[in-house]
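We will go stop by stop.

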Amino acid sequence: MTVIEIDAVGAVHVLTLSAGRVNALDVEVLGELTGVIREQERAGGGALVITGAGRVFSAGVDLNPVIMGGAAYTDRLVPALSELFDAVFSYPGPTVAAINGAAIAGGCVLACACDWRLATPNAQIGAAEVRVGVAFPVAALEVMRYACGDHAEEVLLSGRSYVGDEAVVRGLIHQVVPQDLLDVAVAAASDLATIPAVAYRHTKAQLRAPALTRIHAGVDTDREVRQIWGAAKTQQGIADYVERLRRR
């Protein structure tokens with residue numbers, strides 16, 4: 001089933017994630033979104049807006065198949081996460097995240113992989129991985145380090161979520177948009193699309209080269225990450241975390 005809706009608005013392609021109530025990320029969703037991003041790159045790398053259907057941008061990884069599938073599933077999941085974050089972060093053209101609601105854990109990383117991030121006033125955004133009890137794939141950590149700069153340690157080690165100006169200060173978003181979020185995001189992407197493509201791509205590539213070098217050299221670290229995700233203790237912790245969420 002297709003979970004990525006693609007709409008052309010002038011020179012901008014709007015990619016809407018429509019994967020259940022909270023736009024959770026499983027292996028199939030990750031693979032489809034990565035494929036769409038790569039196809040857009042092959043088609044010329046035009047300006048993109050990424051958003052979520054409904055009231056949530058993305059609540060991050062769908063933890064139910066993680067619990068049910070164990071290490072066999074997480075051995076597929078961690079590379080799929082890394083491939084998506086790499087694809088968005090290294091995309092040559094302009095990317096704008098229209099954060100229409102909660103962007104948590106993997107959803108936060110997906111948003112932060114975009115060049116420009118706009119959010120509604122009440123949208124919660126944060127990297128909750130440590131609170132779930134899982135490690136960051138190298139691509140995820142490097143995306144967050146790039147986006148948050150001096151605030152990366154606070155954001156990644158606290159596992160907190162932020163809203164509005166708190167999120168702006170920490171580099172998670174660039175601007176709070178009180179209304180017409182998608183229209184504002186499309187306008188921002190359209191403006192970036194007027195910049196000569198060669199200049200934009202070359203400048204973006206130079207800025208992100210150190211982070212991308214670390215991402216592509218992170219094979220050994222990601223092997224450790226897969227082991228952590230698949231460990232019995234981690235699996236039990238994830239199950240306990242999901243149960244706590246259900247009781248709220």
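What volume does the largest pocket have? About 960 Å³. Before you select anything, note that this is a predicted model, where local features need pLDDT of at least 70 and side-chain atom pairs count only at pLDDT 80 or more, while totals for chains, interfaces and linings use all residues. Residues are numbered from 1 along each chain as its sequence is written, and side-chain values use heavy atoms, with hydrogens and water left out.

**Stop 1: the largest pocket**

Select Ala59, Leu63, Ile104, Tyr241 and Leu245. Of the 32 lining residues, these are the closest to the pocket's centre. A pocket is an open set of points on a 1 Å grid over the protein atoms alone, where a 1.4 Å probe fits, with protein on both sides within 12 Å along at least five of seven lines; lining residues have an atom within 4 Å of a point. The volume is the space filled by probe spheres set on the points, which are joined across faces, edges and corners.

Now colour α2 (63–89), β6 (102–104), α4 (129–132) and α11 (232–247). These elements give two or more residues each to the lining. Helices (H or I, at least four residues) and strands (E, at least two) are DSSP runs, numbered from the N terminus. By class, the lining has 20 nonpolar, six polar and six charged residues. Here Ala, Val, Leu, Ile, Met, Phe, Trp, Tyr, Cys and Pro count as nonpolar, Asp, Glu, Lys and Arg as charged, and the others, Gly among them, as polar.

**Stop 2: the second largest pocket**

Select Asp115, Tyr146, Lys204, Leu207 and Arg208. They are the closest to the centre, out of 13 lining residues. The volume of this pocket is about 190 Å³. Which helix gives the most to its lining? That is α9, with five residues.

**Stop 3: a hairpin**

Strand β1 (residues 4–9) pairs with strand β2 (residues 12–17) in the antiparallel sense, over six bridges. Pairing needs at least two DSSP bridges. Find Glu5: opposite stands Thr16 in β2. Two residues lie between the strands, and Gly10 in the turn has a positive phi of about 65°.

**Stop 4: Thr74**

Go to Thr74 in helix α2.
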